[in-house]
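These are my notes from looking up how the chains of this model meet. I take the interfaces in turn and then turn to a sheet.

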Amino acid sequence: MKKKNNILKKLANKAYEFGFVSKIKTEIIESGLNEDIIRLISKKKNEPEWLLEFRLTAYRHWLTLQMPTWAHLNIPPIDYQAISYYADPLKKNKENSNKEIDPELMKTFEKLGIPLEERLALSGTAVDAVMDSVSVKTTFKEELKEKGIIFCSMSEAVQEYPDLVRKYLGSVVNYRDNFFAALNTAVFSDGSFVYIPKGVRCPMELSTYFRINAANTGQFERTLIVADDNSYVSYLEGCTAPMRDENQLHAAIVEIIVNDNAEVKYSTVQNWYPGDAEGKGGVYNFVTKRGDCRGRNSKLSWTQVETGSAITWKYPSCVLRGDNSQGEFYSVALTNNYQQADTGTKMIHLGKNTRSTIISKGISAGKSQNSYRGLVRVSKNADGARNYSQCDSLLLGNECGAHTFPYMDIHNNSAVIEHEATTSKISEEQLFYCNQRGIGTEEAIGLIVNGYAKEVLNKLPMEFAIEAQKLLSVSLEGAVG
Amino acid sequence: MNCGEEYIELFEKNRELIDKPCTRKLNDEREKAFISFKAQGFPGIKDENWLHTNVAKKFATDYGMDLARKANTNEVRNSFTCDVPNLKTFKGYIVNDSFVAADNGGKQLPQGVFIGSINSFAESHAELIDRYYNTLAQKGDSVVQFNTSFTQECIVLYIPKNTVIEETIQIVAFLQTNVDILTNRRMLVIMEENSSASLLLCDHSSTDKKSLSTEVTEIFMGGGASLDLYELEETTDSNTRLGNLFVKQEHDSRFNHCNITLTNGFTRNYVEVVLDGEGAETNINGLAIGDKHQHIDNRTLVDHRKGHCTSNELYKYILDEDSTGVFAGKMLIRTDAQQTVSQQTNRNLCLTSCAHMYAQPQLEIYADDVKCSHGSTVGQLDESALFYMQQRGIPADEARHLLMYAFAGEVTDNIKLEALRERLHILVEKRFRGELNHCKRCNLCK
Amino acid sequence: MENLLEIKNLHATIDGKEILKGINLTIKAGEVHAIMGPNGSGKSTLSNVLVGHPAYTVTEGEIIYKGKNLLELSPEDRSHEGLFLSFQYPVEIPGVSITNFMRAAINAKREYLGQEPMNATEFLKMMREKRAMVNLDSKLANRSVNEGFSGGEKKRNEIFQMAMLEPTLSILDETDSGLDIDALRIVAEGVNKLKREDTSSIVITHYQRLLDYIKPDIVHILYKGKIVKTAGPELVMELEERGYDWIKNEN
């Protein structure tokens with residue numbers, strides 16, 4: 001047992017792999033939040049008047065709100081005036097209105113394993129890279145355009161496709177939805193915009209890579225995905241941040257619209273800096289993600305692997321409005337050291353014969369707290385709704401917590417709703433069996449945890465699944481004594 | 001926003017009158033509780049613990065409260081017996097919120113056992129009252145504080161160590177009133193080491209006046225003690241019941257609870273069981289049958305503080321017409337509660353599209369070597385079982401009844417007293433057939 | 001001999017898909033008919049339609065049973081009129097004991113026939129007798145209907161209920177499936193003991209072995225929703241030797 005501890009200690013001190021800081025000239029506006037700042041952000045992005053108004057309305061509403069307290073989280077007070085709401089790592093070139101990419105920046109993304117030169121790209125994946133407040137580069141844009149697919153940064157979409165943006169922006173997540181949604185609507189900087197036209201099956205995975213680099217800044221990205229009738233897209237999202245002692249704020253909104261017979265798969269591997277072993281630093285991750293399955297037979301599937309962030313507050317949801325629409329939520333949330341996660345989903349059944357599946361696997365280690373919180377609501381007219389939820393928790397160690405808070409609101413008697421939850425630990429017998437077969441304890445834990453999470457990991461696109469497996473093992477290092 | 005002010009004013013104006021018949025401890029605790037209530041008021045529906053139950057609204061009625069203790073309790077004695085066939089019980093009554101001893105035909109409880117008013121128990125056992133009264137309830141919510149503020153009577157059941165009471169103790173509570181009435185009922189059960197008892201609490205109301213009762217019961221179980229507690233609510237749709245049960249179990253004690261809401265208006269039952277000694281076991285079961293506009297909210301907390309304890313929880317709801325069911329059950333496993341085995345099951349049947357069910361099973365776990373699980377379902381009767389029964393010639397309605405009865409049976413089967421179990425089976429069956437329940441020889445609910 | 005059951009040009013669908021495509025079948029009182037056929041030919045659909053399963057829709061044709069239009073009767077009235085289906089997969093009904101279940105069934109039937117309910121003593125006596133007939137363990141009788149029963153116990157319980165309800169026309173839907181040879185014999189003996197001169201049976205099976213015990217008078221082959229061949233018991237042997245392929249080829 002003692003020997004085991006030594007190995008684990010060594011591993012615990014292993015650094016967060018993506019914790020480096022890039023020395024990139026970055027334009028950061030002064031910290032603080034007020035109407036002038038919002039006007040400045042809007043002006044920098046050359047936004048139309050309606051968008052500025054949209055931001056200001058949200059800001060004024062935000063001023064009336066309090067931080068939500070219902071989550072099983074201990075959130076230290078956040079000084080919203082101490083944060084800078086805009087950081088642009090792109091060098092300004094006065095002669096040329098096009099922005100030029102700093103070679104350091106290209107290197108940063110390469111170091112993260114996200115090459116921005118198309119010839120080096122992962123096969124079959126188009127990337128939109130976002131650093132701090134700005135989209136740096138979007139690859140394969142032209143190829144996609146030939147099929148009528150729009151994949152670009154949100155800033156670009158506002159300029160190029162203002163009608164589409166105006167039609168859909170805020171239509172799924174209203175600024176009044178919650179505290180962080182109001183904040184994001186007021187100050188959102190960049191993010192990705194995706195439009196898949198009728199009948200088109202997107203030929204490659206679309207991916208956005210988010211990176212917070214600058215200190216004392218918040219990242220407030222906004223993603224909008226519209227899948228028109230009979231279309232299909234698989235979208236991936238990855239995130240990292242440097243190791244910093246202070247906390248960084250990330251408050252994003254993702255809106256997805258799924259029309260008749262369309263299908264959207266949205267996968268996330270979230271690896272924001274989780275803070276150090278003493279709980280210092282780390283990203284506060286407050287995200288509102290929601291998809292509106294408006295169309296008949298539409299389908300939205302969320303898959304998330306959450307290993308990062310000091311605090312995670314995130315509930316990717318499906319509004320099942322169209323008849324026969326389907327929502328899925330597959331989640332692995334791993335917390336270690338002093339991390340806290342309160343994550344889950346909402347399945348709102350509105351249409352007839354709607355179906356939803358929830359599979360959540362929580363893994364708690366160290367001194368962390370890990371909660372599943374989910375709502376299944378069947379409205380009065382949602383005849384024939386079906387839901388199956390399974391929420392399992394795995395505890396590693398005796399100083400962490402694993403919690404399950406499902407809510408079921410049922411208003412239709414034809415609904416069949418099932419929820420199950422279990423809690424378990426890795427047994428000595430399992431570890432011993434692995435040891436006896438020559439597998440070290442650390443590796444055995446990695447194996448067992450990956451096996452436990454397999455049901456969810458299987459839902460990820462291949463490259464992502466391999467990444468996620470590694471991430472689970474690495475994040476657990478030092479977790480078990 | 002809520003109507004707490006009226007009660008605060010009422011309390012302050014009548015403080016002397018309220019204190020007058022009560023023993024010192026009641027008044028001491030009243031003082032503290034009132035400060036707490038005054039600061040909070042009634043819970044609002046934004047309160048996570050009261051999300052679907054608007055209790056403040058229920059207090060808005062202009063109720064009468066018998067603060068001067070004037071109710072005539074004499075004539076009801078022996079006219080309302082609430083007998084369970086084939087079950088002999090040792091009886092006591094609660095009329096409104098006063099305890100009335102029953103004529104038990106000269107029967108005696110074992111030596112040292114006390115059942116009666118706290119105001120007389122305090123004369124001989126002041127130290128026990130000081131040690132136990134309001135120690136569990138003091139951290140209760142504002143409805144509990146309201147009860148502690150206004151309560152003038154508390155039934156004490158005291159069972160000394162190694163004492164086994166064979167006969168079931170039955171407390172029959174009912175209302176006698178010609179005005180809308182608010183009552184505050186209170187009970188304190190002190191069970192010393194290795195004592196054993198079974199307790200049946202029937203809550204009746206037959207008045208069509210509006211009524212609201214706050215109820216707080218505190219139960220202390222010493223090491224190895226054993227208690228079966230059966231609570232049965234048979235009230236009317238004009239009644240509001242706000243029950244609060246606090247149980248603290250020491251090592252190797254065993255608590256078995258069955259709470260049945262057969263007929264009611266608006267009910268909220270809070271059950272909190274603290275497992276504070278190794279080897280303690282708790283089984284809490286609930287059955288709720290709702291129709292019309294009935295509202296049934298059961299909220300439970302099983303707090304595992306020590307290792308090697310077991311808890312089982314089963315709550316079932318059958319909701320017909322426009323009724324609403326709320327279930328929120330939390331299992332809290334603290335760091336020291338290693339080797340806990342804990343299971344919670346919640347099953348709900350919604351029979352109409354106007355019935356509403358809100359279910360919220362919760363696990364909060366801080367110990368790693370535990371076996372915990374919960375399951376919750378909402379659904380309908382099994383169509384293939386219904387057809388199978390029809391094929392055997394059982395009419396569709398009858399088949400439905402049989403299935404509902406079987407569904408409820410899983411809860412009532414946990415009742416250990418055979419006579420009571422049989423009685424409840426009949427009551428439940430009658431309930432499904434829409435027949436009113438009449439206790440035999442009962443003068444009140446004709 | 002009088003016709004007990006007459007099926008004329010029966011078409012039936014499930015989820016909009018037509019399974020039965022014009023069945024014609026006449027059964028006289030006292031006859032045992034076997035219906036054989038490959039998987040998916042519509043055998044179980046036919047038995048479910050006869051007893052009025054709500055998932056199936058009759059789109060064309062008629063069924064006359066004891067001179068009545070069967071399709072107009074509810075499933076329970078069909079049962080009261082003496083129609084019994086031994087299900088291929090008997091459903092489990094947790095919490096409902098076999099005793100209560102059978103009492104409800106018997107008394108509903110008696111009410112339908114204008115008889116007084118059976119008293120408890122009489123009922124229990126009947127339970128005992130019938131249980132003995134199919135070797136049903138008395139312990140099983142106290143358990144919930146089919147809950148936790150083995151495959152053999154479930155089938156035996158079906159025959160026990162058949163004994164209790166004394167049907168005029170019993171349909172045995174793949175009663176042999178999942179049974180070992182001993183269980184099969186017990187079940188078949190039970191069925192034979194229950195046979196009277198005026199009662200008829202439809203035995204639905206894929207294989208010959210059940211028909212070694214329950215001798216059919218007439219054998220039909222159902223294929224793609226139609227009866228494609230009708231003959232005497234010798235057809236069973238022919239099928240056993242040649243399989244179903246020649247039927248498929250001919251049709």
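How much area is buried between chain C and chain B, and what percentage of it do carbon and sulfur atoms give? Before answering I note that this is a predicted model. I looked up the value and found about 1,800 Å² buried between chain C and chain B, with 69% of that area given by carbon and sulfur atoms.

**Entry on chains C and B.** I find that 29 residues of chain C and 17 residues of chain B take part in this contact. Between chain C and chain B I count 13 residue pairs in polar contact, with both residues at pLDDT 80 or more. Sorting the chain C residues that touch chain B by class, I get 18 nonpolar, 8 polar and 3 charged.

I then looked for salt bridges, and the count between chain C and chain B is 1. The salt bridge joins the side chains of Arg392(B) and Glu158(C), with an N to O distance of 2.5 Å.

**Entry on the domains of chain B.** The domain assignment divides chain B into domain 1 (4–277) and domain 2 (387–446). Taken over C-alpha atoms, the centres of domain 1 of chain B and domain 2 of chain B are 28 Å apart.

**Entry on chains B and A.** Which pair of chains has the most contacts among the 2 pairs that touch? I find that it is chains A and B. Here 36 residues of chain B are in contact with 31 residues of chain A, and the area buried between chain B and chain A is about 2,700 Å², of which carbon and sulfur atoms give 47%. Within chain B, the residues that lose the most area to chain A are Tyr366(B), Asp368(B) and Val378(B), which together account for 21% of what that side buries.

Across the interface of chain B and chain A I find 20 residue pairs in polar contact, both residues again at pLDDT 80 or more. The elements of chain B that give two or more residues to the side touching chain A are β18 (356–365) and β19 (371–379), and β18(B) gives the most, with 10 residues. By class, the chain B side that touches chain A has 16 nonpolar, 15 polar and 5 charged residues.

The rule finds 1 salt bridge across the interface of chain B and chain A, and I traced it to the side chains of Asp369(B) and Lys425(A), 3.7 Å from N to O.

I also followed the strands across this boundary: β24 (residues 401–410) of chain A pairs with β18(B) in the antiparallel sense over 6 bridges. Within β18(B), Tyr358(B) is the bridge partner of Asp409(A).

**Entry on chains A and C.** I checked the remaining pair and found that chain A and chain C do not touch, their nearest C-alpha atoms being 15 Å apart.

**Entry on a sheet in chain C.** I looked up an open sheet of 4 strands with antiparallel pairing, in the order β2-β1-β4-β5 of chain C. Its edge strands are β2 (17–28) and β5 (68–69) of chain C, each of which pairs on one side only. Strand β1 (residues 3–14) and strand β4 (residues 56–65) of chain C pair in the antiparallel sense over 8 bridges, and Glu6(C) has Ile64(C) in β4(C) as its bridge partner.

Note on methods. Residues are numbered from 1 along each chain as its sequence is written. Chains are lettered from A and ligands numbered from 1 in the order in which they are written. This is a predicted model: local features need pLDDT of at least 70, side-chain atom pairs count only at pLDDT 80 or more; totals for chains, interfaces and linings use all residues. Side-chain values use heavy atoms; hydrogens and water are left out. Contact means heavy atoms within 4.5 Å. Buried area is the accessible area (1.4 Å probe) that two parts lose on being put together, summed over both. A salt bridge is a side-chain nitrogen of Lys or Arg within 4 Å of a carboxyl oxygen of Asp or Glu. A polar contact is a pair of N or O atoms within 3.5 Å; within protein, one must be able to donate a hydrogen and the other to accept it, and residues adjacent in sequence count only if both atoms are side-chain atoms. Ala, Val, Leu, Ile, Met, Phe, Trp, Tyr, Cys and Pro count as nonpolar, Asp, Glu, Lys and Arg as charged, and the others, Gly among them, as polar. Domain bounds come from an automatic or database domain assignment. Two strands pair if DSSP finds at least two bridges between them.
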